[in-house]
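I opened this model to take notes on its sheet, its hairpin and one of its pockets. My entries follow in the order I looked things up.

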Amino acid sequence: MGRRSERLSRQGALAGDAGEGDVIQVVSRAFDVLRCFEGHEARLGNLEISNRCGLPRSTVSRLTHTLTRMGQLVYLPRDQKYRIGPSAVAMSASMMKGAQLRSMIRQRLQEVAEQLPGTVGLVVPDRFNLVYVQFARSAAALGLHEGTGSRISMASTAAGAAYTAALAPEVGDAFIADMEREAPEAAKILKPRIEANRQSLRERGYVVACGLWSPHINGLAVPIWSPQYQTFVVITIGLLSSMYDEHRLHAEVAPLMVELGRSLASLVEGAEGDVFNNRISRKPVAMAVHNNNKPINSEGVNELEAGTRRARPARSLRAGDGRR
């Protein structure tokens, strides 16, 4: 009772149920400001940042001043705007080391992209969005044209559906409750589908979303456990709905994506805690299929880690449709 109560209390605090005591607001807001800069070349003034992140302009002014002194931002006097600074670039570069594994991940994505005319990507969660860290597409790809660093909605994409379905139920429910407070329109899209998404993940090992992000795009996604991020990352693909209806997603796309999930889960699990580290060891392949409702017992975990479950070995799946 004791440890589980502590974990759920921390998760409740994340969702806002336990007040603001566990969240240092100035740090949270500083990251909100940095998230506004999508791409190294982005230039934004205080008013634009204020509009994007919903903070008062006076607050934004103090934050950009501090972030500039820290080197996270650079002020451009001629434009009277800011851009990402050298410290932020250096931090990002240090996290993206390990060209060998990065190349291997991209190669696996490209192998699938050559067989399907869409965009295949690896995305990581960032609050109510997901961000592409790797992607691939064939020369004949149609529809989606996302790239590294592109941000997509958690609520209206197959990737977001797969990520939230992979979370332990109490953590996923707390996350949606948080979304209802901060992004109610997004929550209205995601909440009614969460149970169906969980069932699909349990039974098949993947989640589909048809026409949510765009009526012209259908998607399929497979979550995998990431030791680096201590939560789930997601392999996802977007295809033209006119070419790939839901039946074709299940029949033709799902087998390739599930196999890709197995392959990348092996790489990520073997990365010794760093997705982009080039130390690759051979470990059992893991699938992010969420099969029980029991939270893990772990010390010193973060909010999402406390409620996410490590992927079960792929050998527990007897067939590509997820039946045991």
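Predicted model: local features only at pLDDT ≥ 70, side-chain atom pairs only at ≥ 80, totals over all residues.

The open sheet has six strands, ordered β5-β4-β3-β8-β7-β6, and the pairing is antiparallel. Which strands stand at the edges? They are β5 (151–153) and β6 (207–210). Each has a single partner strand, so one side of each lacks a neighbour in the sheet. On average, neighbouring strands are turned by 35° against each other, direction ignored.

**β7 and β8.** I looked at this pair in detail. Strand β7 covers residues 217–226 and strand β8 covers residues 231–240. The two run antiparallel and are joined by ten bridges. I picked A221 and looked up its bridge partner, which is T236 in β8. A reminder for reading side chains here: in a regular strand they alternate between the two faces of the sheet.

**Helix across the sheet.** I asked what α11 lies across. Helix α11, residues 246–269, lies across β3 (119–126), β6, β7 and β8. I noted its angle to β7 as about 25°.

**Second largest pocket.** I turned to empty space next. Rolling a probe the size of a water molecule over the atoms shows where such space is left. The second largest pocket has a volume of about 190 Å³. I listed 16 lining residues. Nearest the centre of this pocket lie R193, N197, V208, A209 and C210. The elements giving two or more residues to the lining are α9 (184–190), α10 (194–204), β6 and α11. So far β6 has come up as an edge strand, and α11 as the helix across the sheet. Which element gives the largest share of the lining? I found that α10 does, with four residues. By class, the lining has nine nonpolar, four polar and three charged residues.

**Hairpin.** I then went to β1 (residues 73–76) and β2 (residues 81–84). They pair in the antiparallel sense over four bridges. Y75 stands opposite Y82 in β2. The two strands form a hairpin, with four residues between them. I checked the turn and found a positive phi of about 55° at Q80.

**Confidence.** The protein's mean is 76, and 69% of its residues reach 70 or more. Over residues 1–20 the pLDDT is below 50. Beyond near neighbours in sequence, that stretch has 31 contacts in the model. Residues 272–324 are also below 50, and this stretch has 157 contacts beyond near neighbours in sequence.

How values were computed. Residues numbered from 1 in each chain as written. Heavy atoms only, no water. pLDDT = per-residue confidence, 0-100. Contact = heavy atoms within 4.5 Å. Pairing = 2+ DSSP bridges. Axes fitted to C-alpha atoms, helices over the stretch in contact; angles between N-to-C directions. 1 Å grid on protein atoms, 1.4 Å probe; cavity = no way out; pocket = protein on both sides within 12 Å on 5 of 7 lines; lining within 4 Å. Points joined across faces, edges and corners; volume = space filled by probe spheres on them. Nonpolar A, V, L, I, M, F, W, Y, C, P; charged D, E, K, R; others polar.
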